[in-house]
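Please open the model in a viewer in which residues can be selected by number.

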Amino acid sequence: MDIGADEFEQSLPLLQELVLGADFVGKALGFQAVSWDPPGRQACGLDIEFTGLRSNLSGPQQISLFDLPSEWYLKTRQSVQQFTICQIGLSVFSSIEGESNKYVAHSCNFFLFPTTFGILDSEFSFQASSVQFLNQYGFDYNKFLKNGIPYMNEEQEKKIRHNILTGNWRVRSSLDKDQIKVVIDEVTRWLDLAEEGDWMTLPGITGFQAFEVQLVLRKALPNIWTVLRDQGVIVKKVSKQHRWYLENTSCDRESCWKEKILLSARGFSVFFQMLVKAQKPLVGHNMMMDLLHLHEKFFRPLPESYEDFKLNIHNLFPILIDTKNVTKDVWKELSFPRVSNLSEVYEVLNSDLNPTKDSGPVIIHASKCEKYVLLKVAHLLLWRVHGAVPIPEPSFPLYLDVLAPYVNQVNLIRAGVPKINFSGPDHPSIRPPTLILRVRRWPEVSEQQIYREFQNLCKFDVRRLTRSQFLLLTNKFKDARSILKEYRCHPTLQVSLYRYWRHSPDVTCLLEVCGVVIAWALMAFLLGRPRP
């Protein structure tokens, strides 16, 4: 189901019940955040849509295969701070009591929009390619812009809470100021003609803005009282004595309102905290960008320290499963045909190539949900572990056991290592070796020119080492072997394996300095020897 601001608060009790009773939380393949099924973007776990993915940074600020995880993080952090989340899709998976290996999945799409309240007025960018992508698959911008669920992180909440509870808050945005002014003018004109006991309705004001309007009206006009009803904000003309009585005896006192305002302004952050407290396994596919945005938008601004980021995510979600890593290894071991997206992964798992096709878990599909990958691939792993031995009665704890090598291992796209370990030190690189290119008879050659020289043969990341030397990195071993073979004896572009102790300018400089020092020391020794 699609959930916007109008439906969110009413849905919270049910959402909490589903999360607390879940085996794991993720997202169903085929139930996309914008109700579409684009190639290459399907997900079996948490799925988030953004207003942009990466800033168009150039030169050393671009991510590359040369980046250590900490370097990759710092570069990507800038993009996460620039863009925002427009939608989150997820499914809650629960095993059915009394039924062997049978699950039910409840799926939701949440339209989000940053909270605008008081001093809180976020800025974010749109990236043209992301807008085109969302347009192509029918993204509902009206739902996003007009009915998006508000949200804030913990630091923003502290500031808003302090300002609201101390009464030190103000309407900030020009749009809200104009709307408030119109409302006050309308109520003031009505008051001139109204008699005590008369009332009027201000329709179309919902959410925490309704509380905000009431606070402003009560502060500006001493002879009115307000209440919130389904049809809108009701304004009633009262005497000052009756107003005093209502302020001191009503269960609708201003102090209660302020807590309601804060709860409404937090929006999706309330549900995020439910997920965190539930400590359920969180499943995604290529989920690194998702985790960065979850931290920035709902927890705290991303720290400068990469290690602090890892620790925070691990404390928030102790069990992460990235199906990209799981399927990548399974495909290698079982020699399944190459696939380019998760939809094709599902088709293979649902075909006769999968020896466990007919014995996997049974899933009761919620509305628009038809395909799930994690449970199918976990069942395949269970079969592979037991081999010819009969498989014990499957259960989610048993699936978690066979998934243990992949827990908290999140795939990393275009970096010096293929994945990040959120529960310990990162694994060393298993990328192809670094190559060194020596350029002859091509003065002032640039990294871009070197890249274009090789791009028709294969894709390399290029980094200048010296004026005439460049480092080359690829994530495919066959490309490294091909370049070494083709260019080892090339007259202008000679490629060989890079050896740090042989090729590093720092080592070369150090050896040169040591050579000079030794030469001078030897000369001083010879000149200082006493003559016979």
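Begin by selecting K310 and D426, which form a salt bridge in this predicted model; their closest N and O atoms are 3.2 Å apart. K310 belongs to helix α12 (residues 306-316), whereas D426 sits in the loop between β15 (419-421) and β16 (435-439). The pair thus joins distant parts of the chain, 116 residues apart. Is K310 buried or exposed? With a relative accessibility of 4%, K310 counts as buried, because the cut-off for that class is under 20%. D426, at 22%, counts as partly exposed.

As a general point, an α-helix has 3.6 residues a turn, so residues three or four places apart point the same way. At the start of α12, select S305 and E307; a side-chain oxygen of S305 comes to within 3.3 Å of the backbone nitrogen of E307.

At what angle do α11 and α12 pack? The angle is about 85 degrees, and the axes of the two helices are 11 Å apart. α11 and α12 are therefore roughly perpendicular to each other. To display the contact, select M288, L291, L292, H295 and F299 on the α11 side, together with F309, N312, I313 and L316 on the α12 side.

Return to charged pairs and select D461 and R414. Their side chains meet in a salt bridge, with an N to O distance of 2.3 Å. D461 lies in strand β17 (residues 461-464) and R414 in the loop between β14 (409-411) and β15, so this pair ties together parts that are 47 residues apart in sequence. D461 is buried, with a relative accessible area of 9%, while R414 is partly exposed at 32%.

A further selection is D67, K75 and R463, which are linked in a network of salt bridges.

Now move to helix α6 (residues 174-193) and select D185 and K181. These residues form a salt bridge whose closest N and O atoms are 3.3 Å apart. D185 and K181 are four residues apart in the helix, which means that about one helical turn separates them. D185 counts as partly exposed, at 30% relative accessibility, and K181 counts as exposed, at 53%. Across the model, the count of salt bridges comes to 13.

Conclude with the loop between β16 and α17 (447-454), where R441 is found. Phi of R441 is near 55 degrees, a positive value in a residue other than glycine. R441 is exposed, with a relative accessible area of 67%. Then select E444, which is found in the loop between β16 and α17 as well. Phi of E444 is near 60 degrees, again a positive value in a residue other than glycine. At 64% relative accessibility, E444 counts as exposed.

Key: Residues numbered from 1 in each chain as written. Predicted model: local features only at pLDDT ≥ 70, side-chain atom pairs only at ≥ 80, totals over all residues. Heavy atoms only, no water. Salt bridge = Lys/Arg side-chain N within 4 Å of Asp/Glu carboxyl O. Buried < 20%, exposed > 50% of the residue type's maximum accessible area, 1.4 Å probe, protein only. Polar contact = N/O pair within 3.5 Å; in protein donor to acceptor, adjacent residues only side chain to side chain. Axes fitted to C-alpha atoms, helices over the stretch in contact; angles between N-to-C directions. Parallel < 35°, antiparallel > 145°, perpendicular 65-115°, else oblique. Contact = heavy atoms within 4.5 Å.
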